[in-house]
Amino acid sequence: MTEPDDFLRAVEAALFVAEAPITPAELRLHVGERGDLPAALATLADHYAGRGVNLVERGGRWHFQTASDLA
């Protein structure tokens with residue numbers, strides 16, 4: 001298993017602590033401009049697919065939610 005890069009970890013952490021769904025622009029305020037944000041979001045969404053929590057995008061905002069089959 002490869003180690004996630006620091007940017008990916010920062011995106012994950014910012015999403016995890018966000019009190020409400022967050023836009024990519026808001027995420028950039030927390031994680032900076034140093035990485036590929038769309039790629040990081042896609043990677044994290046794939047990583048959490050099929051788990052107890054999922055990373056989802058609705059209306060241009062991203063957030064973690066309980067998997068629908070466990071809600």
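Where does arginine 58 lie? I found arginine 58 in strand S1, which spans residues 53-58; helices (H or I, at least four residues) and strands (E, at least two) are DSSP runs, numbered from the N terminus.

**Ground rules.** I noted that this is a predicted model, in which local features need pLDDT of at least 70 and side-chain atom pairs count only at pLDDT 80 or more, while totals for chains, interfaces and linings use all residues. Residues are numbered from 1 along each chain as its sequence is written, and side-chain values use heavy atoms, with hydrogens and water left out.

**Arginine 58, continued.** I looked up the exposure of arginine 58 and found it partly exposed, at a relative accessible area of 49%; buried means under 20% relative accessible area, exposed over 50%, and partly exposed in between, with a 1.4 Å probe and protein chains only. With neighbours within four places in sequence set aside, arginine 58 is in contact with His63 and Gln65, where contact means heavy atoms within 4.5 Å. I also checked arginine 58 against valine 17, 41 residues apart along the chain, and their C-alpha atoms are separated by 18 Å.

**The whole chain.** I listed three helices and two strands in the protein chain, and from the N terminus on the elements run α-α-α-β-β. Taken along the principal axes, the C-alpha atoms fill a box of roughly 35 × 30 × 20 Å. The radius of gyration is 12 Å, which agrees with the value near 11 Å that a compact globule of 71 residues would have; the radius is taken over C-alpha atoms, and the globule rule is 2.2 Å times the number of residues to the power 0.38. Buried residues make up 32% of the 71 residues. Among contacts between residues at least 6 apart in sequence, I noted that 44% join residues at least 24 apart.

**Helix H1 against helix H3.** I followed helix H1 (residues 6-17) to helix H3 (residues 37-48), where the axes come within 10 Å and cross at roughly 70 degrees. That makes H1 roughly perpendicular to H3, since angles under 35 degrees count as roughly parallel, over 145 as roughly antiparallel, 65 to 115 as roughly perpendicular and the rest as oblique. Axes here are lines fitted to C-alpha atoms, for helices over the stretch in contact, and angles run from 0 to 180 degrees between N-to-C directions. The crossing of H1 and H3 is right-handed; a crossing is right-handed if the near helix is turned clockwise from the far one by less than a right angle, and left-handed if anticlockwise. On the H1 side I wrote down Phe7, Leu8, Val11, Glu12 and Leu15, which meet Leu37, Ala40, Leu41, Thr43, Leu44 and Tyr48 in H3. By class, this contact of H1 with H3 has nine nonpolar, one polar and one charged residues; Ala, Val, Leu, Ile, Met, Phe, Trp, Tyr, Cys and Pro count as nonpolar, Asp, Glu, Lys and Arg as charged, and the others, Gly among them, as polar.

**Helix H1 against helix H2.** I then turned to helix H2 (residues 24-31), which packs with H1 at an angle of about 115 degrees, with the axes 10 Å apart. H1 passes H2 in a right-handed crossing. The contact is made by Phe7, Ala10, Val11, Ala14 and Leu15 of H1 together with Leu27, Arg28, His30 and Val31 of H2. By class, I noted seven nonpolar, one polar and one charged residues in the contact of H1 with H2.

**Two residues of H3.** Alanine 40 is found in helix H3, and I recorded this alanine 40 as buried, with a relative accessible area of 5%. Leaving aside neighbours within four places in sequence, alanine 40 is in contact with Phe7, Leu8 and Val11. Histidine 47 also lies in helix H3, but at 37% relative accessibility histidine 47 counts as partly exposed.

**Serine 68.** Last, I placed serine 68 in the segment after strand S2 (61-66), and at 65% relative accessibility serine 68 counts as exposed. Serine 68 and arginine 9 are 59 residues apart in sequence and 25 Å apart in space, C-alpha to C-alpha.
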